[in-house]
Amino acid sequence: FGSRPPPPTQLAPAAPRRSTAAMGKFIKAGRVVVLLQGRYAGKKAIVVKVFDDGSKSRPFGHCLVAGVAQAPLKVTKRMS
């Protein structure tokens, strides 16, 4: 008795991919944000400048933020 090859499997059609270009710009200068990663995770900050298209050194969207290192203290030059 000869063996038959298994029937061909049917793949489900791939889901359409969403492009990131359709997303709205929700990070704007002056907006208060909470930092989620890094040394200052969980701290509040204010968006100073937004780099939506990235830069040469960082080829992804990012922003420059400013915040107070230890609240509630007087803000000094040393904190920058």
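Modeller: Please begin with the surroundings of Ala45. In this predicted model, Ala45 touches Arg31, Val32, Val33, Leu35, Val65, Ala66 and Gly67, leaving aside residues up to four places away in sequence.

Colleague: What makes these residues contacts of Ala45?

Modeller: Contact requires heavy atoms within 4.5 Å. Arg31, Val32, Val33, Leu35, Val65, Ala66 and Gly67 are therefore listed as touching Ala45 because they meet that limit. Val32 is 13 residues from Ala45 in sequence, and their C-alpha atoms are 5.8 Å apart.

Colleague: Why is Ala45 called buried?

Modeller: The relative accessibility of Ala45 is 5%. The term applies under 20%, so Ala45 counts as buried. Of the 80 residues in the protein chain, 4% are buried.

Colleague: Where does Ala45 lie in the secondary structure?

Modeller: Ala45 is placed in strand E2, which covers residues 44-51. The protein chain has three strands and zero helices, and its pattern along the sequence reads β-β-β.

Colleague: Which residues does His62 touch, and in which strand is it placed?

Modeller: His62 belongs to strand E3, residues 62-66. Beyond residues up to four places away in sequence, His62 touches Val50, Phe51, Asp52, Gly54 and Ser55.

Colleague: What makes the pairing of His62 with Phe60 a polar contact?

Modeller: A polar atom of the His62 side chain lies 2.8 Å from the backbone oxygen of Phe60.

Notes
Residues are numbered from 1 along each chain as its sequence is written. This is a predicted model: local features need pLDDT of at least 70, side-chain atom pairs count only at pLDDT 80 or more; totals for chains, interfaces and linings use all residues. Side-chain values use heavy atoms; hydrogens and water are left out. Helices (H or I, at least four residues) and strands (E, at least two) are DSSP runs, numbered from the N terminus. Buried means under 20% relative accessible area, exposed over 50%, partly exposed in between (1.4 Å probe, protein chains only). A polar contact is a pair of N or O atoms within 3.5 Å; within protein, one must be able to donate a hydrogen and the other to accept it, and residues adjacent in sequence count only if both atoms are side-chain atoms.
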